[in-house]
Structures are given as C-alpha cells and as structure tokens.
Amino acid sequence: MALAFAPAAASGFRLAPSSLLLPHPLRTSPSSAILRAASSSSPRSRRCGCGAVVRCAKRTGKRRYPSEKKRLDRRHKDLLRQAAPEEGSEERESGYWRLFKLAVPARDDPGKDFTGISLPLLQAIAKAIKFPVASMLPDEAFTVVRKSFDARKILKEPQFTYTVDVDVKKLLDMEPRAWDFIARLEPKLGVVEYMPKKKLASDLISMLNVSNKGYNNEQGIKDTHNGSIYPQDKKPRVAVIGSGPSGLFASLVLGELGAEVTLLERGQPVEQRGRDIGALAVRRILQSESNFCFGEGGAGTWSDGKLVTRIGRNADGVQAVLKTFVHFGAPRNILVDGKPHLGTDKLVPLLRNIRNHLRESGVTIRFNARVDDLIVEDGQVKGIVVSDSELQPGSGSQKLTFDAVVLAVGHSARDTYNMLQQHDVDMSPKSFAVGLRIEHPQELINSIQYSELAAEVQKGRGRIPVADYKIVKSVGERDSEDELEIAEQSRSCYSFCMCPGGQVVLTSLDPSELCINGMSFSRRASKWANSALVVTVSDHDFKPFESHGPLAGVEFQREFERRAAIMGGGNFVVPAQRVTDFIRNRLSVTTLPSSSYRLGVRPSKLHELFPPYITEALQQSIIMIDREMPGFISNEALLHGVETRTSSPLQISRHGETYESTSLRGLYPVGEGAGYAGGILSAAVDGMYCGFALAKQLSLFHGDVESFLGKAQKQIGFVKY
C-alpha cells in the first residue's frame with residue numbers, strides 16, 4: 001500500500017537534526033530557519049503601523065477553525081438526513097445504502113484481484129449495519145464499489161478497505177429479518193449514505209448510441225440524420241490534432257454525434273510505435289516522431305497507465321471514461337480498484353479497439369501526419385497545413401479546410417507551441433515541476449511498506465499489491481530579505497508517477513537533450529521501483545528565459561535537459577548518483593548499483609545539475625521521507641537525471657464554457673498539452689467535455705452535458721494529476 005502523506009505546510013514543519021553527517025552548506029541551509037520562522041506565523045500576516053501583526057488568512061481543509069468545522073458538520077448531517085427516508089418509515093424498503101470504510105484484515109481477505117463478496121467482508125457489513133449473523137446476509141444484495149489496500153503504520157495490521165452498495169429491496173426479499181437494522185440505520189457522511197436509486201454512470205458509447213432514435217429528451221442528443229441543421233451530405237468538418245486521451249475522447253464524441261472528424265497523429269499506430277521504441281531501447285535509434293512521447297495513445301501509452309486523478313474518482317465524467325475503457329477491453333477491476341492502472345501491455349490492445357471503433361463510426365484517422373501550421377483568416381481558424389512527419393516540415397505539405405480544430409497535442413509538442421506563438425495565440429507560462437527519478441529494489445520498498453507481509457507480493461502475482469508510495473512535502477524558500485514574507489512561501493516537493501515493478505525509460509526527442517520517465521506493465525513484476533522526486537517551479541523561476549515570452553517554461557526545461565545530456569556524456573547515457581552521495585554533495589564512487597535504464601548510466605554530480613533552491617529542496621525532502629519510510633536513503637537507491645516534463649509548461653487560454661481559444665476562433669485547445677489536465681483520466685475527461693461543447697456549437701448536441709456527466713472540473717494553473 002502506498003503511504004499518502006498530507007502536504008506538510010511550511011509553517012508547521014521543523015527539520016530535526018539528521019543522523020546523517022551532511023555537508024556544511026546543507027546543515028546551515030536557511031531553509032530550516034525559514035521553517036522555524038514560519039512556525040510562528042502560519043496564517044498570512046501583514047504589519048500595520050503600530051507594529052502589530054494582523055493575521056487574515058482564510059483557513060481551508062484540515063486547518064479550518066473548530067467553529068467552522070462544527071458548522072460544516074451540522075450542514076452535512078442535515079443534508080444527509082434530508083436525503084434519507086425517516087427512521088422506520090416504509091420508504092426505507094427500497095433504495096440503496098452506501099457503506100464506506102469497511103475494513104477486512106489482509107490475512108483474511110481473498111486478495112487484491114478478488115472483487116466479490118467474501119465472508120470476511122460480510123462480517124464487516126454486518127458490523128456496519130449491526131446485524132448479528134454475517135453468514136445470513138445474502139451476497140446478491142451487495143456490490144463492491146471500491147477496494148483498496150491500506151498498510152499505514154498507524155493501523156494495527158494491514159487491511160483491505162471496501163466501499164459497498166446495499167440493495168435494500170433485494171436484501172429484504174432474501175432476508176426479511178434485516179428490516180429492523182435497515183430501519184434504524186443512521187446516515188453519516190463518508191460512512192453510511194443513502195441513495196434513492198443506484199448511481200450508474202454509463203460508458204460514453206452507450207450514451208451516444210442514438211442512431212435512428214431521433215431526439216433523446218434526457219440527454220439532449222439529436223441524431224444527425226433527423227433534424228440537424230447540417231444535411232447528411234454536409235456534415236461539419238472537424239480536425240482533431242493528437243491521438244492521446246483527450247484527442248481520442250473528443251473524436252469519439254464528435255464522431256458519434258455526426259461530425260465529419262479527421263484525427264491526425266504525427267506518430268505511428270501502437271504496433272509500429274512499439275517496434276520503434278524497441279529499436280531505441282536496444283540499438284539507440286531515436287525516431288523523432290515515433291517514440292515514448294509521440295504516437296497513438298500519447299505519452300501515457302508507454303508509461304504506467306495510471307488511472308488515478310485529482311478531479312474526483314466518483315465524478316460521473318470520470319466514471320464514464322473508466323466504463324468506456326472497459327467497453328473497449330480494459331479489465332473490469334479498474335472500476336473497483338482504489339488505485340487502478342492498466343500498464344502498457346493492456347493499453348496497446350485497448351487503443352487498437354478504440355481505433356477500429358472510430359473508423360467504423362466514420363472518423364478518418366491519419367498517422368504520420370504532422371500539423372505544421374494553421375490557416376487563419378480574420379482571426380478564425382479555417383484549416384491546417386499537414387505534411388508527412390517522415391519528411392522535413394513543409395515538404396509535401398497539404399492544406400485542409402475545417403470548420404473547427406481541436407488541439408489535443410501533448411506537453412512535448414514544442415514545435416506546435418512555437419507555431420501558436422507565431423499566430424499570437426494567447427498563452428501563458430504555467431507552474432510545473434522538475435527533479436530526478438529515484439529507483440530502489442522493489443523488494444526494499446515492499447519491506448519498508450509492508451514489513452513481514454512483503455513476502456505476499458510475489459512479483460505482482462500474490463494476494464497483496466506491489467508496494468508503492470506517494471509523498472508530498474513542503475520546504476521553505478529564501479527569495480526575500482523579509483523573514484515574514486519568507487515564512488509565507490513554500491516550495492512543494494513530491495513523488496510523481498511512481499512505477500512499482502517498473503523501469504526508467506528515455507523520453508527525449510532530441511539527442512542533445514536528455515529527459516526520462518517511468519513505465520511498468522500490468523503485473524508490475526520488475527525487480528525495481530522508481531518514482532520521480534520533483535520540486536515545483538513557476539514563472540518567477542523562469543525569469544532568465546523571459547525573453548521567450550509564454551515559452552519561458554519550455555526553455556527552462558531545455559536548459560536542464562541539455563545539462564543532463566552533457567553530464568551523461570551523450571549517446572542517451574543517463575547521469576546517475578547514489579542517494580547517499582547526493583544528499584552529501586559528493587561523488588564518492590565510480591561504480592553504481594544496477595539500474596533498470598537500458599541505455600546505460602554514468603556516475604555524475606547530480607547535486608550540481610540544478611540551481612541550489614531545487615537541489616536543497618530535493619535533499620531535504622529525501623531526508624524527511626526517510627524519517628517516515630526508514631530505509632528510503634540506501635546505498636542501493638539511485639537517482640537518475642532529469643525529470644522535467646511532469647506537465648505542460650504553459651497554458652493556452654480558452655473560454656470556460658465553449659472550450660474555444662480566447663484569441664483565435666475555431667481553435668479548441670484541450671488536454672495536458674494545453675495545460676488543462678495531468679494524466680490519462682483527466683485528459684480524457686477534458687477531451688470528452690470539449691467534444692460535447694463543440695458539438696453543441698455545431699448544433700449536433702442540444703442538451704445540457706452537466707445533467708448526465710456532472711459539472712466539468714475547471715483546471716487552472718498547476719496540475720499534478
């Protein structure tokens with residue numbers, strides 16, 4: 001189980017003296033003084049003329065004032081009581097109760113791959129509803145909604161935690177003696193909640209399957225052959241640039257609703273892309289347009305295939321995406337798993353099935369098609385200029401006209417950013433994160449997280465999931481001479497894209513630049529565990545590159561990717577350093593532990609790669625992590641450089657409701673490359689909502705998408721996932 005530590009505010013964190021002998025610059029770093037200063041001024045403060053300090057911070061989350069917490073608790077209880085039928089009333093004989101936080105000890109549970117109803121789970125359900133004999137409860141009355149593994153040290157023993165739905169009518173039909181217990185069940189937020197009907201989000205294809213059905217009053221979907229303003233022989237023409245999650249889901253929506261969609265991908269389909277990546281890993285042959293970043297499925301295809309998101313796992317839009325994945329062949333356990341992931345081996349056939357469906361529904365898919373330019377007239381996109389990506393830009397180019405262009409490129413499409421800048425498209429630098437990728441033996445992480453239960457992992461085939469971790473820390477900055485102002489600032493350090501049982505891979509697009517990422521297959525059976533350890537950076541860090549305007553963050557990335565390439569000595573060799581040496585600012589040995597990176601590692605002084613504020617933040621966060629995960633600092637732990645492409649370094653401005661660019665009509669920037677998503681799920685959701693918004697403008701969709709998919713998450717600024 002991954003240990004998820006809540007972000008520690010700089011105001012409340014003191015660095016204890018480390019047992020490691022650190023070099024003088026780190027021991028005397030102002031960061032610890034910053035943190036001590038912050039402890040006395042956690043709310044945002046300002047000084048008034050009389051010398052007093054006025055604290056005026058708004059407290060949110062866990063830092064809310066007790067009185068506000070009580071008020072919110074009362075409000076939540078009132079809402080729950082209003083939603084549930086009165087105690088003992090006949091209305092309780094139907095509907096559903098959702099039971100949260102049902103704990104089953106790991107030793108009693110059938111294991112991570114079992115998502116049914118076991119006797120130990122029935123015992124947890126019986127305890128929750130205060131039913132005396134668990135074995136009398138019928139399995140058929142219960143449905144597992146969520147299952148996750150929890151091995152936090154604060155627990156007496158590791159456990160599987162369930163969320164279960166209770167079908168009241170089915171329960172009472174099969175076990176009438178349960179009525180007294182249902183009648184007395186009291187709603188409690190996040191523990192027991194009532195639903196008048198089962199919450200069932202449908203997959204996207206089922207939602208859009210309205211052929212020959214005319215108008216759907218509930219969802220507002222109108223068949224394009226019955227009453228659309230576009231006759232059948234003159235459908236609106238839409239170009240979707242990029243076949244990552246956002247591009248695929250935008251194409252699914254628009255294609256099903258009747259638009260004439262052309263999906264353009266600069267890379268290759270997954271079959272050829274896999275061969276190109278194999279040639280890179282074995283023979284060092286880099287295909288500039290078919291690699292770990294470019295190609296069908298986007299950058300997430302050859303990654304861990306994580307399906308976690310920060311926009312709400314239970315949101316209808318997220319559930320629709322997950323169920324659409326299942327519709328196209330993903331395993332059903334992603335709907336239940338608390339930390340669902342697919343792995344590259346499951347993503348490849350999934351993408352092939354989506355491609356076949358798109359073509360069957362009339363979408364034209366062109367691989368090896370690079371979009372070099374936009375055709376703009378009177379402030380509106382009228383079309384695009386496309387060329388064969390195996391040729392030089394502009395060679396054999398073709399001009400195509402479209403009514404709208406959905407821009408769904410990834411965060412590594414730097415040439416596209418340059419092209420948009422030439423058209424004066426409104427863009428701005430966005431916060432992201434940079435750092436290093438740390439790798440441990442997977443058995444070590446299993447041991448740290450699970451102790452004696454580590455033997456149950458069995459390289460992903462055992463009862464217990466392969467151990468991972470998720471860490472967030474906050475380290476103070478020193479950008480100001482005013483101690484009070486320093487205390488208000490903090491820089492987040494966190495683990496990113498943790499790949500248990502995975503490997504470190506090359507994501508460079510240019511031999512003169514070096515950047516890396518992690519990937520794993522569905523079983524996560526590799527002997528290594530790797531994760532990025534990254535530090536947030538924002539526009540004030542990009543000042544040396546401000547002459548590049550909105551592309552300042554891109555140049556910031558390039559600077560350190562070039563340094564890493566030089567430090568590694570070229571030929572895609574990665575600079576690496578033992579963690580113990582990194583935190584001591586030294587290079588003590590010329591031999592390194594084995595690494596999963598296949599193109600070779602070179603002992604290097606990674607502590608000299610980044611500016612001091614990034615290096616010191618990484619060093620201090622590693623020390624903090626080791627206090628909570630003893631053994632994290634190990635001679636076997638190896639740092640690799642560099643991880644710079646955690647998310648897009650810029651954001652393309654767009655209207656919140658229409659998804660259209662604020663500066664260029666007809667252009668619809670979506671997904672991670674546009675700065676509105678941070679992972680497979682959030683990118684797919686963004687593309688899906690954009691597809692509906694554009695379809696509405698084209699009069700292919702006449703309803704309110706929020707009525708059946710919920711309100712879209714507005715992604716603004718820094719996106720982690």
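**Aromatic pairs, cores and a sheet in a predicted model**

Reader: Which residues does Phe 692 touch, not counting residues up to four places away in sequence?

Author: In this predicted model, Phe 692 touches Leu 204, Leu 208, Val 253, Leu 257, Phe 701, Val 705, Phe 708 and Leu 709, where contact means heavy atoms within 4.5 Å. Residues are numbered from 1 along each chain as its sequence is written, and side-chain values use heavy atoms, with hydrogens and water left out. Local features need pLDDT of at least 70 and side-chain atom pairs count only at pLDDT 80 or more, whereas totals for chains, interfaces and linings use all residues.

Reader: What makes a nonpolar core, and which residues have the most contacts inside the largest one?

Author: A nonpolar core is a set of buried Ala, Val, Leu, Ile, Met, Phe, Trp, Tyr and Cys residues joined through side-chain atoms within 4.5 Å. The largest has 160 residues, and those with the most contacts inside it are Phe 142, Phe 325, Val 406, Met 688 and Phe 692. Helix α18 (residues 680-697) gives the most to this core, with 11 residues; helices here are DSSP runs of H or I with at least four residues, strands are runs of E with at least two, and both are numbered from the N terminus.

Reader: Why is the pair of Phe 131 and Phe 181 called edge-to-face?

Author: Rings of Phe, Tyr and Trp (its six-membered ring) pair if their centres lie within 6.5 Å, and planes under 30 degrees apart count as stacked, over 60 as edge-to-face and the rest as tilted. By this rule there are 14 aromatic pairs. The centres of Phe 131 and Phe 181 are 5.1 Å apart and their planes stand at 70 degrees, so this pair is edge-to-face. The pair links distant parts of the chain, 50 residues apart, with Phe 131 in the loop between α4 (119-129) and β4 (142-150) and Phe 181 in helix α6 (residues 179-183).

Reader: How do you know whether Phe 131 and Phe 181 are buried or exposed?

Author: Buried means under 20% relative accessible area, exposed over 50% and partly exposed in between (1.4 Å probe, protein chains only). Phe 131 has 6% and is therefore buried, and Phe 181, with 17%, is therefore buried as well.

Reader: What makes Lys 147 lie over the face of Phe 160?

Author: A charge sits over a ring if NZ of Lys or CZ of Arg is within 6 Å of the ring centre and within 35 degrees of the ring normal. Lys 147 lies over the face of Phe 160, at 4.7 Å from the ring centre, and Arg 266 lies over the face of Phe 294, at 4.3 Å.
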